[in-house]
Amino acid sequence: MARSPFAITAALTLAALTLGPVAVVLIRAGGLSALAPGDWLALRFTVWQALLSAVFSVALAVPVARALVRQRFPGRAALVTLMGAPFILPVIVAVMGLIAVFGRAGLVNDVLGGLGLPLVDIYGLHGVLLAHVFFNLPLAVRMLLTGWQAVPGERLRLATSLGLSRAALWRVIDGPVILRVAPGALVVIFVICLTSFAVALTLGGGPRATTVELAIYQAMRFDFDLGRAATLGLIQLALGLGAGILALKVTQTDGFGLGRDRALVRRDGAGWRRWTDGMWIALAGLFLLVPLGAVVLRGLQGLMLLRVDTIVAAGHSVAVAGASTVLCMIWAVALANRRGELLALAAITVSPLVLGTGLFLMLRPFVNPFTMALPVTALVNALMGLPFALRIITPQAEALKTDYGRLRASLGLTGWAWLRLIWVPRLRRPLGFAAGLVAALAMGDLGVIALFADPDRATLPLQVYRLMGSYQMEAAAGAALLLLALSLGAFVVLDRGGRLAEA
């Protein structure tokens, strides 16, 4: 599939849409510009916080995901779904929840103050790290869970019948799963944090906590220095692609062989491990769900203040999310291999601000860009969601190619027959998860739409931003709760659809 005309067309289209807008910005700027001293400080801070955020997120996700794999309890499926909600929250909404819990007047400081202990400060490097782990820990947990769920049940039953110790079980099952999934998860989270904008803007706390994306925003918004913005964007792109190449070199792609698709049942979580697993699940649940609960409580009071324009904006968000998901999954099916994954990393590594400005400049000679706000937003969201979809799908697609490659060759299966009979049926679970994630992210994105939209073409995230800007905080909280419900609903429907279809 990797060399089919379908895959080649998808790859060329992706490359053009990713690099074309950057080239347009460069041409308009007349070339690259030198960086200011503050830009080098922003570059160092960006790399450091992105590295720490990725390491902390994946390191904490390993025991949490392993605990969820080993333990079965009532409400487990609902907990796994809810724990994924922070990643699909609009950033500004999630930051409001974090401030309600960890801010100066938040729940944590209320408890610490009552005990006479020093208060915590959410602003600065530690605040940025806290927010990034809050957003990305659920993604890492779900990616690891998907890797463990791909292990054939027969492999575990064989290990049990052979009486393998827990250390041996780690060597033959758990360790290989982590080595297959963790490098890609680290890279995806690193790149997400590399392009951090809203988190650094709200929680950075000053010039010492400025990211490259913030520097690009300042260069474009206040100085209108497109050359400097493009230079920073290219440096950001190079960092992301370098991380992707490194991950591809260390990632293991060997699968676990074929199975009969029976459920993976672990029996190594009894005794004291049940308590340690429960502790990890409880701590992760509290960390992720308490800020989410704060968002819900504040939003309930504002639901009665929703206006017609907010409902129309919600309809626009649903349409954009649907179009983005369909386009992204078409790309993902065509490019589900290691080279395609590296190419897709460029889409998320390119600064959304540079990408949006380039698209604006490309469209302006031919059409009023404001009339294309929703289609352009859907296209950009599909590009931004593609790396996540490929990171979820590619490991199992590569293993499927290894396991069924000879069968395909012996039967002479064409590309369409391979997709219909083997590829899609056996990858329904990761396909459903990936589609749900892309739909939820597209539903809550506040990026290109802020550059293009007029009052008649606002999406729900933009409507929330406008309500906050006009100090209608209760109405903004109600609209944010509606946005959360739509994002989580899209994720649940598509994710469960993949699992039910597989069953």
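Q: What is the relative accessibility of Asp309?
A: This is a predicted model: local features need pLDDT of at least 70, side-chain atom pairs count only at pLDDT 80 or more, and totals for chains, interfaces and linings use all residues. Numbering runs from 1 along each chain as its sequence is written, and side-chain values use heavy atoms, without hydrogens and water. Buried means under 20% relative accessible area, exposed over 50%, and partly exposed in between (1.4 Å probe, protein chains only). Asp309 counts as partly exposed, because its relative accessibility is 35%.

Q: Which residue forms a salt bridge with Asp309?
A: A salt bridge needs a side-chain nitrogen of Lys or Arg within 4 Å of a carboxyl oxygen of Asp or Glu. For Asp309, the closest N and O atoms of the pair are 3.0 Å apart.

Q: Which element of the protein chain has the highest mean pLDDT?
A: pLDDT is the predictor's confidence in each residue, from 0 to 100. The chain averages 78, and 83% of the residues score at least 70. Helix α8 (residues 153–161) has the lowest mean, 64. The highest, 91, belongs to α14.

Q: Is His316 buried or exposed?
A: His316 sits in helix α14 (residues 308–334). Leaving out residues up to four places away in sequence, His316 touches Leu374, Asp456, Arg457, Ala458 and Thr459 (contact: heavy atoms within 4.5 Å). Its relative accessible area is 18%, so His316 is buried.

Q: What is the relative accessible area of Asp495?
A: Asp495 forms a salt bridge with Arg142, the closest N and O atoms being 3.3 Å apart. The two lie in helix α22 (residues 473–502) and helix α7 (residues 125–149), 353 residues apart. Arg142 is buried at 9%. Asp495 is buried because its relative accessible area is 1%.

Q: Which residues touch the most other members of the largest nonpolar core?
A: A nonpolar core is a set of buried Ala, Val, Leu, Ile, Met, Phe, Trp, Tyr and Cys residues joined through side-chain atoms within 4.5 Å. The largest one has 116 residues. Its largest share, 15 residues, comes from helix α9 (residues 166–194). The members touching the most others are Leu139, Leu386, Ile393 and Trp423.

Q: How far apart in space are Ala94 and Leu292, C-alpha to C-alpha?
A: Ala94 lies in helix α5 (residues 91–102). With a relative accessible area of 1%, Ala94 is buried. Ala94 and Leu292 are 198 residues apart in sequence. In space, their C-alpha atoms are separated by 7.4 Å.

Note on methods:
Helix = DSSP H or I, 4+ residues; strand = E, 2+ residues; numbered from the N terminus.
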